[in-house]
Every structure is written in C-alpha cells, then in structure tokens.
Amino acid sequence: MPLFTHKPPLSPVPVTGRTGVLLINLGTPDETSSGAVWRYLREFLSDRRVIEASPLLWQPILHGVVLSTRPRRSGAAYARIWNQAENASPLRLFTKAQAEGLRRRLGEGTPVAWGMRYGTPSVAQALEELMDQGCDRIVSLPLYPQYSATTTATANDQLFRALMRLRRQPAVHTVPPFPDHALYIEALAGSVREALGSLPFKPQRLIASFHGLPQQYVEAGDHYPEDCERTVAALRHALDLRDDQMPLVYQSRFGPTEWVKPYAAPYVEALPKEGVTRIAMIMPGFMTDCIETLDEIGNELRESFLDAGGEAFAVIPCLNASGPAIDLLEALARQAMRGY
C-alpha cells in the first residue's frame with residue numbers, strides 16, 4: 001500500500017460575507033462651545049502620533065496652558081465657519097456626503113461607513129456599523145492624500161485598536177496614500193480651472209498650502225514633505241505652471257519647535273512688497289474643507305495679506321463631495337476590493 005495517496009485539490013471556500021468601505025477623516029468638535037472643543041482638543045493633542053514629546057512633559061502643559069486658553073479661541077474660529085442650519089462643521093458634512101456619494105456609486109451590495117479619528121462618530125462605531133451589515137471584509141480608506149504618521153498612521157492605529165477588542169475580526173485592507181494619483185491630480189486641476197475661471201481678477205500666483213509638520217518628525221523618517229512635493233509637481237505639470245508660479249508652503253504651525261518650511265503666513269504676508277498683490281490659494285492636503293482651509297487660510301491669512309497691502313485673495317475649495325472627488329474614492333475603493 002503506498003505511503004501517500006493522491007487526493008483531489010480542495011474546492012475553493014465560498015465567500016459568504018460582504019465587503020464594506022470605511023472612510024476615515026481627522027475629526028471635529030460636536031459643537032462650538034468651549035466644552036465640546038476642549039474634549040476634542042484633549043483627544044487630538046493627547047495622541048502620541050501627533051505630539052511625540054514625553055507625556056510626563058507634555059500632559060501638564062496640555063492640561064495647563066493649552067486647554068485653559070485654546071478651546072475658547074478655537075471655538076470662536078469654529079463658530080465662524082459652522083453650518084448653523086445643520087449644526088455641524090463643514091468637515092463633518094462633507095465627509096458624510098462623500099460616504100453617501102460613494103455608497104451610491106458602489107451600489108447596495110457594498111456598505112459604506114465613515115468615522116473620525118478624533119470625536120464622533122468614532123472609527124470603532126463605523127466599523128461596528130459595517131459589521132452589523134454583514135461585512136467580514138473591510139476596505140479602510142483614510143482621507144489623507146499624502147502620508148504622515150500624524151494622519152494616515154494614526155487613523156490606521158485607531159482602526160487596529162478597535163479590531164483588537166473583537167473576538168471575530170473582519171479581514172482589513174488599508175488603502176495607501178495617493179499623492180499623485182491620476183484622478184486626484186485631474187480633480188485638483190479641474191477645481192483650479194473652474195475656480196480661477198469664475199474670479200473677477202487674475203491671480204499673479206497660485207499658492208499650494210499644506211498642513212505643517214515638525215521638522216524633527218521628518219528627520220525621524222516621516223516622508224510627508226516628499227508626498228506634498230509629489231502632489232505639487234504633478235499639479236504644476238497638469239496646469240502647465242512653473243515652480244515660481246505655484247510655490248509650496250506649510251501652514252498650521254504649533255509650538256516653539258522648528259517645522260517644515262517655508263511657513264505659509266510669512267511667505268504670503270511678504271508678497272505685496274514684491275509687487276504680488278493678487279493671489280489664489282489651494283490646499284491639496286485636505287480632501288474636505290475644514291477649519292484650516294476655511295478659517296485659518298480663508299479668514300486669518302486673507303486678512304493678513306490684505307493688511308500687508310494685498311488687493312485680492314481667493315481660496316479654491318477642496319474637492320469635498322464633488323463628482324471628481326467621488327470618482328477618485330470609487331477608483332481607490334474598487335482597486336482595493338479586487339484583492340477580495
């Protein structure tokens with residue numbers, strides 16, 4: 001009798017569950033009150049991916065100076081951009097609209113949920129929503145075009161924390177960043193052409209501004225600036241612009257440490273002295289308009305530029321829930337789902 005006998009190949013195991021798509025964005029306070037902003041900032045600024053300083057040093061500063069002064073100022077800034085009719089921030093409304101648009105594109109057979117890294121609805125709540133609809137395979141899509149440990153990585157961390165509490169985990173596919181994805185660049189270029197075509201003036205310079213990052217994070221291995229440069233290089237090519245016609249700057253600097261340069265505010269405020277008095281700004285690091293795009297750039301930097309002698313300042317809206325934005329999200333989701 002032979003030691004080994006031939007056996008027919010095993011039949012493939014039938015797939016019985018569903019694949020769901022999870023969109024993850026940064027987050028937002030639930031209200032503009034100091035209490036709601038305090039809770040949001042405490043969670044955000046307690047993230048070790050965002051603030052890498054030792055908690056023994058940072059937490060007393062956070063709960064002392066920062067959380068005793070910043071919630072009031074940030075609450076006033078949120079109030080300037082708040083959608084009073086919906087009682088929600090633009091970021092929340094646009095993220096929800098992106099999820100709804102993607103759900104329509106993918107069809108009823110593919111549930112789509114959205115969650116926030118900080119605030120509500122949480123990533124864990126969104127994951128539970130998908131699993132309640134029978135999803136045993138999840139495509140997780142952080143809404144950050146450029147990679148950083150402070151954004152993409154911490155969004156993935158939060159999803160994995162939720163998975164760690166589950167006895168029966170779904171399979172998960174995380175979508176990588178897309179700094180120069182063809183549809184992303186096409187959508188950005190289209191938004192620039194549309195916005196500039198409707199302006200009553202011709203900008204002398206189109207400035208691309210990204211959220212900043214401490215320089216020490218880059219030196220430790222975060223390649224965020226490289227991704228930002230990839231985005232701007234591709235967008236310049238799509239719009240046929242030279243480097244000097246579309247410079248790259250970084251906004252939202254926080255604390256005394258050195259951040260990646262050039263800084264947005266000093267750069268923009270110096271332009272009128274150089275004879276550049278009409279500018280437009282685009283924020284390609286944000287898939288949805290939020291406090292950074294609408295207030296920090298749209299209000300604060302605009303005022304600084306005009307006070308410095310500027311004449312005209314335009315802000316190009318983020319992709320938000322536009323058709324090209326949903327085209328991009330659909331392409332990213334479908335490509336990831338092929339693995340299932």
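Q: Where does N87 lie?
A: N87 sits in the loop between α2 and α3 (90-106), where helices (H or I, at least four residues) and strands (E, at least two) are DSSP runs, numbered from the N terminus. Residues are numbered from 1 along each chain as its sequence is written, and side-chain values use heavy atoms, with hydrogens and water left out. This is a predicted model, in which local features need pLDDT of at least 70 and side-chain atom pairs count only at pLDDT 80 or more, while totals for chains, interfaces and linings use all residues.

Q: OK, and what about the phi of N87?
A: The phi of N87 is positive, at about 50°, although N87 is not a glycine.

Q: Is N87 buried, exposed or partly exposed?
A: N87 counts as partly exposed, at 47% relative accessibility; buried means under 20% relative accessible area, exposed over 50%, and partly exposed in between (1.4 Å probe, protein chains only).

Q: And S252, what is its phi, and where does S252 lie?
A: S252 also is not a glycine and has a positive phi, of about 65°, and its place is the loop between β6 and α9. With a relative accessibility of 15%, S252 counts as buried.

Q: Which peptide bond is cis in the part with P262?
A: The bond from K261 to P262 is cis, with omega near 5°, and P262 lies in the loop between β6 and α9. A cis peptide bond also joins T120 and P121, with omega about -10°, and P121 is found in the loop between β2 and α4 (123-132).

Q: Switching to strands, why is β2 described as largely enclosed?
A: In strand β2 (residues 112-118), 7 of the 7 residues are buried, so the strand is largely enclosed by the rest of the structure.

Q: How many bridges join β1 to β2, and do they run parallel or antiparallel?
A: Strand β1 (residues 18-27) is joined to β2 by 6 bridges, and the two run parallel; strands pair if DSSP finds at least two bridges between them. As one example, V112 in β2 is the bridge partner of V21.

Q: How many aromatic pairs are there?
A: The count comes to 8 aromatic pairs, taking rings of Phe, Tyr and Trp (its six-membered ring) to pair if their centres lie within 6.5 Å, with planes under 30 degrees apart counted as stacked, over 60 as edge-to-face and the rest as tilted. W58 and F254 form an edge-to-face pair, 6.3 Å centre to centre with 90° between the planes.

Q: Which parts does the pair of W58 and F254 tie together?
A: W58 lies in helix α2 (residues 55-81) and F254 in the loop between β6 (248-251) and α9 (264-270), so the pair ties together parts that are 196 residues apart in sequence. W58 counts as buried at 11% relative accessibility, whereas F254 counts as partly exposed at 27%.

Q: What about the rings of F305 and F313?
A: Their centres are 5.8 Å apart and their planes are at 50°, so the pair of F305 and F313 is tilted. F305 is buried with a relative accessible area of 0%, and F313 is buried with 6%.

Q: Which residues do ring pairs link into a cluster?
A: Ring pairs link Y40, F44 and Y118 into a cluster.

Q: Now C318, where is that, and what does C318 touch?
A: C318 lies in the loop between β8 (312-315) and α11 (323-337) and counts as buried at 8% relative accessibility. Not counting residues up to four places away in sequence, C318 touches M283, F286, M287, T288, D289 and T293, where contact means heavy atoms within 4.5 Å. The C-alpha atoms of C318 and C290, which are 28 residues apart along the chain, are separated by 9.0 Å.

Q: And what is D227 in contact with?
A: Leaving aside neighbours within four places in sequence, D227 is in contact with Q146, Y147, P177 and P179. D227 lies in helix α8 (residues 224-239) and counts as buried, at 3% relative accessibility.

Q: Zooming out, how many helices and strands are in the protein chain?
A: The protein chain has 11 helices and 8 strands. Of its 340 residues, 49% count as buried, and among contacts between residues at least 6 apart in sequence, 78% join residues at least 24 apart.
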